[in-house]
Amino acid sequence: MEFADLIKTPKLDGVFLHDPQPQQHANPATVGTLCITGHHLLLSARQENSQELWLLHKDIDCVEKKPSMSQNVVVGGIITLKCKDLRIISLEIKYAKEFLNVSSSLEALSAIQNAELLYPFFYRPMYSILEDGYTMFRPELEFAKLISGVGMGGVSSPNVANITICMPSTSSTSSVCAGAVSIPHPLQNGFALDAASALVGGSGCGAAAPACEWRVTNINKDFSVCATYGATLIVPKAITDEQIVLSASFRDGGRFPVLSYRHDNGATLMRSSQPLSIQGIKRCRADEAILNLVLGRSKKGFIVDTWGKGKSNTETDLHYSQWKKVNRSIGNVSSPASILDSFAKLIDACNDTGCSTDKWLSRLEGSGWLSLVLNSLNASCVVAQCLDQEGSPVLVHGAKGLDSTLIVTSLVQIILNPDCRTVRGLQALIEREWIQAGHPFASRHRYSCYTPHQTRNKTSGATFVLFLDCIYQLFTQFPCSFEFSTQLLILLFEHSYFSQYGTFLCDSERERHELNVHTRTTSLWSYLNRPDVLQTLLNPLYEPNANVIWPSVAPISLELWSELYLRWVIDQRSVATVMSQIQELVTREKELRTQALKLRKQALELGQEVSALMYNADTA
């Protein structure tokens, strides 16, 4: 297929662009030249201070056509583009043929599903790549930091050249370390890892080293054990690869229990899918062995089901006697489609600017979105308490383990681990818990909130949006504990749906491997970590906080994320002005502190000179 075959009218003059936010511009409409390329829709008036439109076709969620009629004949019309970044844009075209051509072209171009035809495979950055985002958070390195307790993603550690981790042997049956392999470690945040706190040191796994309780396995290197997991995984050292295969056959989609996080008190967080419901198969000894090994010295562990009471399969009490079952459902039916339905109702309410206060509040409650946010935070706090206060291991699952499970395991780490509240720490978390863990971004974000319910696929969802909203709630309650501002969350929201970068492409690591995404596209992290870009994403109020942050889960504590959901409805320039003022105050305060230190130093030096003169005068 050639893009030219889909573009019937590549260029058109005299097109009116109706502004979705007229209060921000003196001119609510702009007339200009419309251009359609293989990946973008462009409109420019070629005049100073006029609006310009530069829209990726992938951003278009829904195309609505409203023809203008004259004597029952189409004489043009208005094309309304409802976008995944929540904008609503209207294009007014005067002639019937061009109106139909443009609308059909946009419908076809925005519906392309072949990943290799998407913009990331054609985009070439105009800047030099300082860091390759695809190698920045390699599983081996992140797992090593995860187990050793070293900050993941970006916490400062003493400089060393290498990190030593326990690598898998060539034998698939070996359950012991075949040897320690030294992996060069690219500097992260100006520091490398502390070799003394790495997984293993020297030439083998000493019995006294607690990190040797775990090992890296490549059993899934060809993605045959689990199609949605990555090629490199971390499992208990004493578990053989044969047991892993058996456990995978017991779990939905082959998603056997893997390590997600290790708390500083030694308690571990694991995630998986729920057990399969197969006639005649009621237990799996290999799966039981994995969880029993994770227990260690703990007398009990917790299995947290995020799917819904009575809606999922769970481990039997008889065979998992030391594991207590806890149900913390995210919603009544924790499915991707239902979460997207709730998100669509929320955005529909946000766009209805003419409704009364009572109706608005009723529609907000009726959407159920804030209830999903509340339930997500509540479930995460329960898991965090089990790890931090009980010191007990936790296994989180729900259905296939691709949605609500990942929300909970990710939020737990943000609550407990201060590194995940940094820019790089959040990037590393998203890599581990979402991208490498197999969240199907392509399927979930194929459609968004504006596509009619009956048109959307059942695999469409808004799980990642819900996760970002939960981070926003944590940010509002602890505004000084996050290194990044909410602008980073908004950028992640946008790039997860449409982007020139390949980070969120495809449904799994397997698909990205087949398309060579890592070599054919640019990583979003490479862009965000550029010093000039990073500076715009930092929180001026940030003060590193090494403590656990326990959020309030009372309904009154939740806020509507107006900065995202209402940004095309309500003028957000005042928010930007306030943030700019805060940045100026913080910068000025730093300057004054520096000046005060210099003055103190000068005063001290002058005092010493006076003392010396007085001493010389007395002795003369």
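This is a predicted model: local features need pLDDT of at least 70, side-chain atom pairs count only at pLDDT 80 or more; totals for chains, interfaces and linings use all residues.
Student: Which residue forms a salt bridge with Arg520?
Tutor: Side chains of opposite charge can pair when their charged atoms come close. Here the closest N and O atoms are 2.8 Å apart, and the partner of Arg520 is Glu116. The two are 404 residues apart, with Arg520 in helix H16 and its partner in the loop between helix H2 and helix H3. That partner, at 34% relative accessibility, counts as partly exposed, and it is Glu116.

Student: Where does Asp241, which forms a salt bridge with Arg215, lie in the chain?
Tutor: The closest N and O atoms of Arg215 and Asp241 are 2.8 Å apart. Arg215 is buried at 5% relative accessibility, and Asp241 is buried too, at 7%. The pair links distant parts of the chain, 26 residues apart, with Arg215 in strand E10 and Asp241 in helix H5.

Student: How many residues apart in sequence are the parts tied together by Arg567 and Glu494?
Tutor: Arg567 forms a salt bridge with Glu494, their closest N and O atoms being 2.8 Å apart, and both residues are buried. Arg567 lies in the loop between helix H19 and helix H20, whereas Glu494 lies in helix H14, so the pair ties together parts whose separation in sequence is 73 residues.

How values were computed: Residues are numbered from 1 along each chain as its sequence is written. Side-chain values use heavy atoms; hydrogens and water are left out. A salt bridge is a side-chain nitrogen of Lys or Arg within 4 Å of a carboxyl oxygen of Asp or Glu. Helices (H or I, at least four residues) and strands (E, at least two) are DSSP runs, numbered from the N terminus. Buried means under 20% relative accessible area, exposed over 50%, partly exposed in between (1.4 Å probe, protein chains only).
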